[in-house]
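Please inspect the sequence and coordinates before reading the solutions.

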2 protein chains.
Amino acid sequence: MSNVFENVFHVCPYAEAMNRRATIHDVAAAAGVSVATVSKAVNGRYGISTETVRRVLDAVQLLGYESSLVASSMRSRRTGVIGILVADFEPFSAEILKGVGAALRESSYDLLAYSGSGQHDGNGWERRSLSRLSGTLIDGAIMVTPTVVTAETEIPVVAIDPHTGRADLPTVESDSFGGALQATRYLIELGHRRIGFVAGRPDLRSAGLRDAGYRRALGEAGIPFDPSLVRVGLYQRETAREPALSLLRSPDRPTAVFAANDLSAIAIVQVAAELGLEVPGDLSVVGFDDIPEASQMNPALTTIRQPMQKLGAAAAGLLVALMNGETPAQTHIRLPTRLVPRATTAPPRVS
Amino acid sequence: MSNVFENVFHVCPYAEAMNRRATIHDVAAAAGVSVATVSKAVNGRYGISTETVRRVLDAVQLLGYESSLVASSMRSRRTGVIGILVADFEPFSAEILKGVGAALRESSYDLLAYSGSGQHDGNGWERRSLSRLSGTLIDGAIMVTPTVVTAETEIPVVAIDPHTGRADLPTVESDSFGGALQATRYLIELGHRRIGFVAGRPDLRSAGLRDAGYRRALGEAGIPFDPSLVRVGLYQRETAREPALSLLRSPDRPTAVFAANDLSAIAIVQVAAELGLEVPGDLSVVGFDDIPEASQMNPALTTIRQPMQKLGAAAAGLLVALMNGETPAQTHIRLPTRLVPRATTAPPRVS
DNA sequence: ATCCGGTGTCAAACGTTTTCGAAAATGTTT
DNA sequence: AAACATTTTCGAAAACGTTTGACACCGGAT
């Protein structure tokens, strides 16, 4: 009895005085009940009288109490937070983030994006991070890491555009094959016949698909595949320079080049300029990805746009379905790409 | 003795068989030591023989153990993670994220972006989120929420471009006054004399500063301030339409308009088109922010660019300094803006 | 007397880290 | 060689803040 009042008038102001976050114990003391009761009152569990609930909620209000996400996550394995693991906050992941965020806007899930501090020490940080967050803290994960390694977690995981890794993981990706097809067809429609290709990293799945799309388009048009028009650019701007140079200096150089990604395409445009070739007059270039730089550069790059926000939204939808225990018919979603014609493409110069 | 081997060969495969995350207890059992020893070995604490460390690390490797971020954060109040709270993953925050991420790349901090699921129920979700994460889980926070409310947390917090709220919080913002000055000066240099202004939300600090910048530029040029050229657009595209209409229909309409943000500017350009006015021929327009849409629209919008990535980087730097216990000389950082001339501005038509 | 909803408390988790002390190993002095 | 001091190595147990199932209490109805 006297204990209760002692708590109300004594302990509570004391706890408030010290600028420590109010814990559930402070609230309990202030309301003159046990911590268990506070927990139940706050979470609306059954078995607490409305009168007590009111007292507890008053104390919560007074002390500005918020349950610690960490502590509660620790005990009850549910947090209502879905995590998205990104290698880096570069443009690509930022776009996906927007898509995921928009898709989750209406849901009751909070979104937490996690990015390791850049120490991409070989492999495994994605596994490490996922492991450290899963089981606690997040109820589901979206991985935007190029290489999705094995992940024996108990939470649902969906991968976005994984370049390599577990094929059995639910996945959302853009249609690399179709995009390459579009790009190459477009060049053919413009009238090009000698079309070069700067390939990506051969170990990544997307690279193979883009290669295949390129060949398919040639086949459709009855243009024989000529290995001398293909170079490996490895997806990086620097690594693509040398192959681009070699390609454009070759005796019978192509009138157009399809690059497996925008970075390679940019390298080509630069190399062309250095060689005194005019783009698109002497050489047409098509990229893949539509990174922001593509539309900013001069001339603006014709490219294949990946629907990154839609990728994010689709992944979010898929993940939420999985988290609700549903088993979606489609666990591998492929989204169509779109050709964005800009200023680096034109019909070949009549010769 | 036999106990050790029993553990190694017995307990460990068992723990591995069940697809539960390996806990520190599993590792302890597998290595035949106590959990305390495992913790110390993993964290490189002093007082464990190298031989034991090796045994523990082997077990860790074998079981694929990763300490739970949540659990460790629970006990030792340090996590090595800094949190950035965003209202939404829209373009603005995404840019800032990139800046913060890049700045933190080299540091040892991991980055965690948290976004409540869109229930911006009046006020307070930023306080709630911050409170739920702080003290546990994150060691420092960057807030990208427009309204930064009081935050009695024990972790360092810095705000980015807060439109309103605590002035004593360490803050990084772009130079609204200077930007408005640049914009208006530019119009004056082009030869405009009747320059309209579509103001922002009067309750936000940035709006007041942009207004002040506009007036200062006029004053410098000896152009009298004319209240009939000012409308309040409230920063939103929809809310700016009506004021824009009223401004452009006024008897002696301005030859140029400076809008307090890009959304307002876009509204003006649209309204002008509807009224049959040619931009920039009949009307020059300058915006503020340089949102992505600004460069994509036709005609591309002349605007004041906020260095959003730099804002993020500066905030990260400031926060890290605070977290290291330093007391930086500058806790209020203002970054310069830059005029980006594009296609919506031209000298006034000679009349 | 027993049973019974309706309320509230106890205490055990959750997976770590850390303090403290015990035990063992080593060194030092008679 | 015994006794003692010192260091090294390790484990027991108490936190951290919350949730939850089992249980105790109590007034009233059987």
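The model is predicted: local features require pLDDT of at least 70, side-chain atom pairs count only at pLDDT 80 or more, and totals for chains, interfaces and linings use all residues. Residues are numbered from 1 along each chain as its sequence is written, and chains are lettered from A and ligands numbered from 1 in the order in which they are written.

**Exercise 1. Determine which residues and elements surround DNA strand C and DNA strand D.**

Step 1. A residue is near a strand if its C-beta atom, placed from the backbone, lies within 6 Å of it. By this criterion 25 residues surround DNA strand C, the closest being Ala36(A), Thr37(A), Ile24(B), Ala36(B) and Ser39(B).

Step 2. Elements are DSSP runs numbered from the N terminus: helices (H or I) of at least four residues and strands (E) of at least two. Helices H3 (35-42) and H5 (69-75) of chain A, with H3 (35-42) and H5 (69-75) of chain B, each supply at least two residues near DNA strand C. The largest share, 5 residues, belongs to H3(B).

Step 3. For classification, Ala, Val, Leu, Ile, Met, Phe, Trp, Tyr, Cys and Pro are nonpolar, Asp, Glu, Lys and Arg are charged, and the others, Gly among them, are polar. The surface near DNA strand C then has 10 nonpolar, 12 polar and 3 charged residues.

Step 4. Around DNA strand D there are 27 residues, of which Thr23(A), Ile24(A), Ala36(A), Ser39(A) and Ala36(B) come nearest. Here H3(A) provides the largest share, 5 residues, and the classes number 11 nonpolar, 13 polar and 3 charged.

**Exercise 2. Describe how chain A meets chain B and how the copies are related.**

Step 1. Contact denotes C-beta atoms, placed from the backbone, within 7 Å. With this cut-off, 41 residues of chain A are in contact with 40 residues of chain B. S2(A) gives the most to the chain A side, with 6 residues.

Step 2. Strands pair if DSSP finds at least two bridges between them. S2(A) and S2(B) (residues 110-115) run antiparallel and are joined by 5 bridges; within this pairing, Leu112(A) stands opposite Tyr114(B).

Step 3. Superposition is by least squares on C-alpha atoms of residues with pLDDT of at least 70 in both copies. In chain A, the C-alpha of Ala113(A) is nearest the axis, at 2.4 Å.

**Exercise 3. Is Ile96(A) buried or exposed?**

Step 1. Ile96(A) lies in helix H6 of chain A.

Step 2. Counting other C-beta atoms, placed from the backbone, within 10 Å, 20 or more means buried, 12 or fewer exposed, and between these partly exposed. Ile96(A) has 28, and is therefore buried.

Step 3. Beyond residues up to four places away in sequence, Ile96(A) touches Val144(A), Ile160(A), Met308(A), Leu311(A) and Gly312(A).

Methods:
Contact = placed C-beta atoms within 7 Å.
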